[in-house]
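Subject: Structure handover

Hi,

Here is the structure I promised to pass on. Have a look at it first, and then read on for what turned up in it.

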Amino acid sequence: MGIGKIDNYKFYDGFEGEEEIEFSTTDENMEILHIWKGYFDDIFGKPSLDGKGWNGFTRDFNQFEGAFGDNGKTIITDLQEYIDDLKIYENKKFDFEETREVYELILSWLSEAQNNCKEINVKVF
């Protein structure tokens, strides 16, 4: 028996009225994450300009694609691409103290989603 959807606002509380990124799935047992866009900017902003191209959230965030494009929402089916992209930032020094915890939360959430779902929804409000 599932516990139902739980909204996790830990990393959006206090930023009400500012841009919010929401991660969700159809799996009843997975939390719905609500994250302040500033944390996303801290992780994916200022990406490498080495000419190797961008993938996952780095591409979406910096090229205004997917949820960061005009539509404000997207469905992601290649979760491994986004996990691999996130791992590039494992040793990055972040500007906000909380960003490390946000990084780890997104990575573990994506890994759980990959094991339990075929796709995730990402929305920017």
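Predicted model: local features only at pLDDT ≥ 70, side-chain atom pairs only at ≥ 80, totals over all residues.

Phe64 is not a glycine, yet its phi is positive, at about 55°. Most residues other than glycine have a negative phi. Phe64 counts as exposed, with 63% relative accessibility. Lys46 also has a positive phi, near 55°, in a residue other than glycine. You'll find Lys46 in the loop between H1 and helix H2 (56-62), and at 74% relative accessibility Lys46 is exposed.

On to the sheet. It is open and has five strands in the order S1-S3-S2-S5-S4, with mixed pairing. S1 and strand S4 (73-76) are at the edges with a single partner strand each, so one side of each has no neighbour in the sheet. From one strand to the next, the twist averages 20°. S1 pairs with strand S3 (residues 32-36) in the parallel sense, over three bridges, and Phe11 stands opposite Ile35 in S3.

Next, the charged pairs. Side chains of opposite charge can pair when their charged atoms come close. The count here comes to five salt bridges. Which residue forms a salt bridge with Lys10? The partner of Lys10 is Glu101, and the closest N and O atoms are 2.6 Å apart. Lys10 belongs to strand S1 (residues 7-11) and Glu101 to helix H4 (residues 99-116), so this pair ties together parts that are 91 residues apart in sequence. Glu101 is partly exposed, at a relative accessible area of 39%.

Another salt bridge is formed by Glu19 and Lys37, whose closest N and O atoms are 3.3 Å apart. Here Glu19 lies in the loop between S1 and strand S2 (20-24), while Lys37 is in helix H1 (residues 37-44), so the pair links parts that are 18 residues apart in sequence. Glu19 counts as partly exposed at 40% relative accessibility, and Lys37 is partly exposed too, with a relative accessible area of 24%.

Then there is the salt bridge where the side chains of Arg59 and Glu65 meet, at 3.5 Å from N to O. Arg59 is buried, with a relative accessible area of 18%, whereas Glu65 is partly exposed at 31%.

As for open space, the largest pocket has a volume of about 220 Å³. It is lined by 13 residues, and the closest to its centre are Ser48, Gly53, Trp54, Ile88 and Tyr89. The lining divides into four nonpolar, four polar and five charged residues.

Asp95 counts as exposed at 62% relative accessibility. The C-alpha atoms of Asp95 and Tyr39 are separated by 9.0 Å, with the two residues 56 residues apart along the chain.

Cheers

Key. Residues numbered from 1 in each chain as written. Heavy atoms only, no water. 1 Å grid on protein atoms, 1.4 Å probe; cavity = no way out; pocket = protein on both sides within 12 Å on 5 of 7 lines; lining within 4 Å. Points joined across faces, edges and corners; volume = space filled by probe spheres on them. Nonpolar A, V, L, I, M, F, W, Y, C, P; charged D, E, K, R; others polar. Salt bridge = Lys/Arg side-chain N within 4 Å of Asp/Glu carboxyl O. Helix = DSSP H or I, 4+ residues; strand = E, 2+ residues; numbered from the N terminus. Buried < 20%, exposed > 50% of the residue type's maximum accessible area, 1.4 Å probe, protein only. Pairing = 2+ DSSP bridges. Axes fitted to C-alpha atoms, helices over the stretch in contact; angles between N-to-C directions.
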